[in-house]
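Please look over the sequence and the structure shown below before reading on. The report that follows treats the fold in outline and then its aromatic contacts and its strands.

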Amino acid sequence: MAHARTRAERNAAYDRTHRDRKAKAFYNSAEWKAARQAALARDTGIDVYLFMTERRVVPATMVHHIVELREDYGKRSKLSNLISVSEATHEGVIRQAYGKPDKKAEMQQALREAVKGYQKIVAGG
């Protein structure tokens, strides 16, 4: 029986096979830690995508770059490019869509709209 891998093990494997050194350095930086905290605070610590699509409140465990670092490194810390999500949403919905070029742009737009819609709700508008 295979054992469940820890988040640290998954991250280490991803670092070895996918993440480049520039991205790895960024994810260990104070800049990323501040941007991540700002996104989680803006999104009140919940999975914004699930809330906006299913009206379910699930804690966010990670912050996702809508436009990935390798696509546009300049957007690495822009709040408008970040969305708080749960690991399940990130691994299931987002990764699947990002793996299909014809679905990626559609998912990116859905994530942008989810962030904007949630911000309106939080602001009371």
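The text below moves from the whole chain to individual residues.

**The chain as a whole**

This is a predicted model, and its protein chain has six helices and two strands. Read from the N terminus, the elements follow the order α-α-α-α-β-β-α-α. Of the 125 residues in the protein chain, 35% are buried, while the chain exposes about 7,700 Å², of which carbon and sulfur atoms supply 54%. When contacts between residues at least 6 apart in sequence are considered, 66% of them join residues at least 24 apart.

**Aromatic contacts**

A search of the whole structure finds five aromatic pairs, and two of them, both involving Phe 26, are set out here.

| Pair | Distance between ring centres | Angle between planes | Arrangement |
|---|---|---|---|
| Phe 26 and Trp 32 | 5.5 Å | 55° | tilted |
| Phe 26 and Tyr 73 | 6.2 Å | 75° | edge-to-face |

The pair of Phe 26 and Tyr 73 counts as edge-to-face because its planes stand at 75°, and the cut-off for that class is over 60 degrees. The planes of Phe 26 and Trp 32, by contrast, stand at 55°, so that pair is classed as tilted.

Phe 26 and Trp 32 are both buried; for Phe 26 the relative accessible area is 2%, which falls under the 20% limit for a buried residue. Tyr 73 has a relative accessible area of 25% and is therefore partly exposed. Phe 26, Tyr 27, Trp 32 and Tyr 73 together form one aromatic cluster.

Are the faces of E1 covered or open? Both are covered, with Met 62 and His 64 buried on one side and Val 63 and His 65 buried on the other.

Key: Residues numbered from 1 in each chain as written. Predicted model: local features only at pLDDT ≥ 70, side-chain atom pairs only at ≥ 80, totals over all residues. Heavy atoms only, no water. Helix = DSSP H or I, 4+ residues; strand = E, 2+ residues; numbered from the N terminus. Buried < 20%, exposed > 50% of the residue type's maximum accessible area, 1.4 Å probe, protein only. Contact = heavy atoms within 4.5 Å. Areas by Shrake-Rupley, 256 points an atom, 1.4 Å probe, with all protein chains shown as cover. Phe/Tyr/Trp six-rings, centres within 6.5 Å; stacked < 30°, edge-to-face > 60°.
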